[in-house]
Amino acid sequence: MADDLQRKLFPLRQRIDALDAQILELLTQRARAALEVGEVKHAAHADGPVLRPEREAEVIRRLQQTNPGPFPNAGVAAVWTEIISACRGLERGMTVAFLGPQGSFSEQAAMEHFGHAVQKLPCASFDEVFRAVEAGQADVGMVPVENSTEGAVNRSLDLLLNTPLKILGERSLVIRHCLMSQSGSMDGIKTISAHPQALAQCQGWLTRNYPDVARVAASSNSEAARAAASDPGIAAIAGEVAAPAWNLQVVATGIQDDPHNRTRFLAIGSIEPLASGQDKTSLILAVPNRAGAVYEMLAPLAANGVSMTRFESRPARTGQWEYYFYVDVLGHRNDPNVDRALAALQAQVAYLKVLGSYPAS
C-alpha cells in the first residue's frame, strides 16, 4: 500500500518541483526588470518614491480579476505583496515605523501591507511613529485608526489633524486576542496587562474568567508581552505572534468579546498616491457652531454623488463645544465628482484638510 502510494506521488512531486523551478525563473526575470526600472529612474535623475501604492494595488487587483483558481484570491494578494516587496527592496530599501515592540498587531498590519522585505522601526508610541516618518527616520508608518468593537483610536485621530503626512493606504486586520504567560497557566498571576483598547475588547471574557485579577494598562500589547516575559506574575493579552516573539506560552486564544473583532490601520507617509480606480479619500472638516451647519456640510457630498463610508467627531478642545469631523468618502480627490464636492466644501466650511486619497482595502 505504502509503495503504491509513493509510486503515484512521485511523478506529481516531480511536476511540482519543475513548476517551482519555472516560478523561480520568472521571479528572477521580474527582479531584473525591477532593477532596470531603478536604473532608468536613476539615469533620468528621477528620485521619486520607490513606493507607488496605486500601482501595487492595480497589479494585485488585476491578477485577482483574472485568477482562474483554484489558487485563492487571498493567496494571490499575500504572495504578490511579498513579490512586490522583494522587488521594491532591490530598487531601494524602505523603513516602516509602527507601534512596538515586536509582536504587535501594528507590526502585523505593516508586514501584511508592505511585505517583509522592509526595515522595521518599532516605536514606543503613536506619537513616535508620526515623528519618525516626519523626520525621515522611516519612509512610511502604520497606525490603527478604528476598531469594530471600541470605535476610534483617538490619539491617531488627533495626530492626523496636525501632521503634514498623508494617508497612502489602509489595512483591515482581524484581531484575535490571546492570553499568555511564562508558564502557560494562570497560577501565580497577579496582574493581566494589555493596551487599554485590548482590555476593553476582552473585558467580558476577563470578568467571567478572572474577575479577581488586576488589569494594568500598557503602552501596547507587545509591551505587555515583553513585561510578562520578564515577570512570572504578569499575564499579557496580545496577538498570537507575540508568544513566540517573547518566549511566552498561550493560556487561552480568541478571548475578544466580539468574534468578528477587526481593526483598521492607516499607512502614512509623504507621498500622494495617484488614482487606482478603487480609492478612498479621508478628510477633516469643521463648521461654525450654528443650527444646520453639519447638514449643510454634508450636502455637497450628496449633490455630487459622493458616498460617505465613515463619519467620526472629535472635540476641538476650544471649550466652546466645537468639533472636528473625520470623514471618509469613496473616490480619489482627482475624480471629477470628488473634486467638485471638495471645492464646494472648501467654500462653505470653517476648516478642511484632505488627509489623502489612497487605494481602498
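I take contact to mean heavy atoms within 4.5 Å. Among contacts in the chain between residues at least 6 apart in sequence, I find that 76% join residues at least 24 apart.

**Basis.** I am working with a predicted model, in which local features need pLDDT of at least 70, side-chain atom pairs count only at pLDDT 80 or more, and totals for chains, interfaces and linings use all residues. Residues are numbered from 1 along each chain as its sequence is written, and side-chain values use heavy atoms, with hydrogens and water left out.

**Whole chain.** I counted 12 helices and 15 strands; these are DSSP runs numbered from the N terminus, helices being H or I of at least four residues and strands E of at least two. Along the principal axes, the C-alpha atoms fill a box of roughly 80 × 65 × 40 Å. Of the 361 residues, 44% count as buried, where buried is under 20% relative accessible area, exposed over 50% and partly exposed in between, with a 1.4 Å probe and protein chains only.

**Charges.** I looked up 33 positive and 38 negative side chains, and the centres of the two sets lie 2 Å apart. Lys and Arg count as positive and Asp and Glu as negative, while His and the chain ends are not counted. I place each charge at NZ of Lys, CZ of Arg, CG of Asp or CD of Glu.

I examined an open sheet of four strands in the order 13-14-12-15, with antiparallel pairing; two strands pair if DSSP finds at least two bridges between them. Strand 13 (308-315) and strand 15 (351-359) are the edge strands, each pairing on one side only. The twist averages 15° from one strand to the next. Helix 11 (residues 293-303) packs on the sheet and touches strand 12 (279-286), strand 13 and strand 14; its direction makes about 150° with that of strand 13. For these angles, axes are lines fitted to C-alpha atoms, for helices over the stretch in contact, and angles run from 0 to 180 degrees between N-to-C directions. Seven bridges join strand 13 to strand 14 (residues 323-330), and Phe311 has Val327 in strand 14 as its bridge partner.

**Backbone checks.** Most residues other than glycine have a negative phi, and most peptide bonds are trans. I noted a cis peptide bond from Gly69 to Pro70, with omega near 5°; Pro70 sits in the loop between helix 2 (53-66) and helix 3 (73-91). The bond from Gly100 to Pro101 is also cis, with omega near 0°, and Pro101 lies in the loop between strand 1 (95-99) and helix 4 (105-114). Asn247 has a positive phi, near 55°, and belongs to the loop between helix 10 (242-245) and strand 10 (249-253). Asn247 is exposed, at a relative accessible area of 62%.
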